[in-house]
Amino acid sequence: GRYWKNTSQAVQDFVVPAIGQYYAGREQVQRDEGMRSCGIAAMNLMLAAKEMGYDSGPMDGFDFDAVGKLINLPHDHAIAMFVVIGKGLKEAWPRGGQLPINKVVVTDRFPG
């Protein structure tokens with residue numbers, strides 16, 4: 001409800017219960033939405049950093065539990081990723097293994 005507090009009461013009366021009904025008891029859907037929202041937030045942080053002249057990158061490969069303990073992560077939260085933002089000291093290593101665009105973009109439907 002806190003996200004909808006600035007909308008009309010009619011919108012709140014419709015949206016807040018609908019959201020609750022959609023996510024209630026659906027842990028995977030809740031987690032998927034959290035990860036999707038965090039990805040969008042991370043993308044915006046990275047784009048804003050770039051506009052301000054900074055370099056950035058999403059990070060993974062850390063001990064999620066240890067970080068959670070370090071930052072006193074509440075039990076109803078999850079860490080999606082870290083985003084590092086700063087000034088690069090050297091050029092990034094070249095990335096290998098990129099697939100051709102026709103292997104990663106599907107238009108309208110999958111073949112077959």
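**Note on salt bridges, pockets and helices in a predicted model**

1. The structure holds 2 salt bridges, a salt bridge being a side-chain nitrogen of Lys or Arg within 4 Å of a carboxyl oxygen of Asp or Glu. This is a predicted model, in which local features need pLDDT of at least 70 and side-chain atom pairs count only at pLDDT 80 or more, while totals for chains, interfaces and linings use all residues. Residues are numbered from 1 along each chain as its sequence is written, and side-chain values use heavy atoms, with hydrogens and water left out.

2. Helices here are DSSP runs of H or I with at least four residues, strands are runs of E with at least two, and both are numbered from the N terminus. Arg36 is partly exposed, at 46% relative accessible area, and Glu33 is partly exposed too, at 25%. Buried means under 20% relative accessible area, exposed means over 50%, and partly exposed lies in between (1.4 Å probe, protein chains only).

3. The other salt bridge is formed by the side chains of Asp55 and Lys50, at 4.0 Å from N to O. Asp55 is partly exposed, with a relative accessible area of 36%, whereas Lys50 is exposed, with 56%. Side chains of opposite charge can pair when their charged atoms come close.

4. The largest pocket has a volume of about 780 Å³. A pocket is found on a 1 Å grid over the protein atoms alone, as an open set of points where a 1.4 Å probe fits, with protein on both sides within 12 Å along at least five of seven lines; lining residues have an atom within 4 Å of a point. Grid points are joined across faces, edges and corners, and the volume is the space filled by probe spheres set on the points.

5. Which residues lie nearest the centre of the largest pocket? They are Tyr3, Tyr23, Gln30, Glu33 and Gly34, out of 19 lining residues. The elements giving two or more residues to this lining are α1 and α2 (27-51), and α2 provides the largest share, 8 residues. By class the lining has 9 nonpolar, 5 polar and 5 charged residues. Ala, Val, Leu, Ile, Met, Phe, Trp, Tyr, Cys and Pro count as nonpolar, Asp, Glu, Lys and Arg as charged, and the others, Gly among them, as polar.

6. The second largest pocket holds about 370 Å³ of space. Its lining includes Asp55, Ser56, Val84, Ile85, Gly86 and Trp93. Strands β1 (55-59) and β2 (82-86) each supply at least two of the lining residues, with the largest share, 3 residues, coming from β2. The lining divides into 5 nonpolar, 3 polar and 3 charged residues. Asp55, of the salt bridge with Lys50, is among the residues that line this pocket.

7. Helix α1 covers residues 9-23, 15 residues in total, and reaches 21 Å from its first C-alpha to its last, close to the 21 Å expected at 1.5 Å a residue. The expected span is 1.5 Å times one less than the number of residues. Gly25, with a positive phi near 75°, follows α1.

8. Val29 is found in helix α2 and is buried, with a relative accessible area of 18%. Leaving aside residues up to four places away in sequence, Val29 touches Tyr22 and Tyr23, contact meaning heavy atoms within 4.5 Å. Val29 and Pro58 are 29 residues apart in sequence and 23 Å apart in space, C-alpha to C-alpha.
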